Amino acid sequence: MRRRFKIVLGALTMAATAIPAAIVYAEANDAEQSAFREAVKFGFSGEAIQGGVMIGDAPAGTASLSFDGEAVPVDEDGKFIIAFNRDAGQAANLVATLDNGETVRKFINIAPRNWKIEHVSINRRATTRSAAFMARRGPELAQINAARSVTSDSKGWRETFVWPVKGRISGQFGSQRIYNGDPGSYHSGVDVAAPAGTYYVAPADGVVTLAASSPFTLEGNLLMIDHGMGLNSAFLHSSEILVKEGQEVKRGQPIGRIGSTGSATGPHLHWSMKWNQARIDPILLTGPME
Ligand SMILES: [Zn+2]
């Protein structure tokens with residue numbers, strides 16, 4: 001490579017004397033130049049894929065960042081997080097506005113997923129909810145929404161997530177049933193089956209934003225944890241919750257015990273994750289279970 005470059009350089013020297021000077025300068029400052037190029041563009045880890053999460057490094061001098069028009073907070077060292085909803089379209093735009101007013105744009109191509117879709121020739125279960133259910137549901141949803149609106153200073157979002165519990169995966173994120181052409185809602189989390197009473201742990205650091213004092217109609221004993229920067233986890237159907245609202249938890253700390261409270265056919269942990277409005281697949285943060 002180097003030899004060929006020198007030949008080209010020689011040819012250019014003969015052609016025009018001004019150009020080689022610039023090239024020699026570029027070569028001498030190669031490390032410096034590439035460091036500069038790195039600093040003015042985005043860096044990423046993670047996959048641009050439906051239900052996925054990416055941790056980014058904002059270009060040096062970023063004053064503000066927006067993702068499809070929505071402001072995204074940037075940590076002190078330039079790190080940030082973005083995620084792609086289960087049904088995200090193919091394209092997203094990330095724009096950094098620098099201190100000097102310039103903008104750095106990154107077009108993101110989001111890969112689609114092959115969701116597990118099951119066509120069944122039965123009609124969707126009629127969801128006629130009792131008056132008693134409806135009376136309870138409103139306040140429950142209000143509590144869930146209030147918990148999701150909490151923004152803690154947790155740095156859990158920067159960590160590599162661990163599985164809260166290991167066991168058979170009895171339900172995948174994003175799977176969906178179509179009843180005689182009528183799509184049901186997709187599965188919003190990952191289900192891990194384990195014996196009732198099994199302890200599960202925090203997948204990453206966070207702050208407890210909801211610890212149900214009595215079982216919710218569908219979620220049962222619901223536990224929610226904020227990992228910072230709009231990223232949060234919900235754990236459903238627990239037999240027992242071991243932590244309190246406002247408490248800081250550490251990755252790997254036992255936070256609850258598996259049960260089948262609420263709407264569940266057997267003991268399992270339903271773990272769902274959201275980044276702002278995007279529903280995301282926990283397995284893309286943990287990697288496959290070993
Ligand atoms: Zn589930």
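Helices (H or I, at least four residues) and strands (E, at least two) are DSSP runs, numbered from the N terminus. Residues are numbered from 1 along each chain as its sequence is written. The structure is a predicted model, in which local features need pLDDT of at least 70, side-chain atom pairs count only at pLDDT 80 or more, and totals for chains, interfaces and linings use all residues.

The chain has five helices and 21 strands. Buried residues make up 31% of its 290 residues; a residue is buried if 20 or more other C-beta atoms lie within 10 Å of its own, exposed if 12 or fewer, and partly exposed in between, with C-beta atoms placed from the backbone. Two residues are in contact if their C-beta atoms, placed from the backbone, lie within 7 Å. Of the contacts in the chain with a separation of 6 or more, 64% are between residues 24 or more positions apart.

Gly 171 is found in strand E9, which covers residues 168–171. Gly 171 counts as partly exposed because it has 15 C-beta neighbours inside 10 Å. When residues up to four places away in sequence are not counted, Gly 171 touches His 187, Val 190 and Asp 191. The C-alpha atoms of Gly 171 and Gly 189 are separated by 7.9 Å, and the two residues are 18 residues apart along the chain.

Ala 193 belongs to strand E12 (residues 189–193). Ala 193 has 16 C-beta neighbours inside 10 Å and therefore counts as partly exposed. With residues up to four places away in sequence again left out, the contacts of Ala 193 are Gly 167, Arg 168, Ser 170, Gly 266 and His 268. Between the C-alpha atoms of Ala 193 and Ile 169 the separation is 6.3 Å, although these residues are 24 residues apart along the chain.

Strand pairing was assigned where DSSP finds at least two bridges between two strands.

Parallel pairing is found between strand E8 (residues 117–120) and strand E10 (residues 176–179), over four bridges. Glu 118 has Arg 177 in E10 as its bridge partner. E10 also pairs with strand E11 (residues 182–183), here in the antiparallel sense and over two bridges. In this pairing Tyr 179 stands opposite Asp 182 in E11. E10 and E11 form a hairpin with two residues between them, and Asn 180 in the turn has a positive phi of about 50°.

Most residues other than glycine have a negative phi, and most peptide bonds are trans. A positive phi, near 60°, is found at Met 229, a residue other than glycine. Met 229 lies in the loop between strand E15 (221–228) and strand E16 (231–238). Met 229 is buried because 26 other C-beta atoms lie within 10 Å. His 237, in strand E16, is not a glycine but has a positive phi of about 70°. His 237 is buried, with 26 other C-beta atoms within 10 Å.

A nonpolar core is a set of buried Ala, Val, Leu, Ile, Met, Phe, Trp, Tyr and Cys residues joined through C-beta atoms within 7 Å. The largest such core has 51 residues, and those with the most contacts inside it are Ile 81, Leu 222 and Leu 223. Domain 2 (40–114) and domain 3 (117–286) both give residues to this core, so it lies between them; the domain bounds come from an automatic or database domain assignment. Not counting residues up to four places away in sequence, Leu 222 touches Leu 210, Ala 212, Phe 216, Ala 234 and Leu 236.

Helix H4 (residues 131–148) has 18 residues. From its first C-alpha to its last, H4 reaches 26 Å, close to the 26 Å expected at 1.5 Å a residue; the expected span of a helix is 1.5 Å times one less than its number of residues. H4 bends by about 25° at Arg 137, and Pro 139 follows within four residues. The bend at a residue is the angle between axes fitted to the seven residues ending there and the seven starting there. Of the 18 residues of H4, one is buried, so the helix lies largely in the open.
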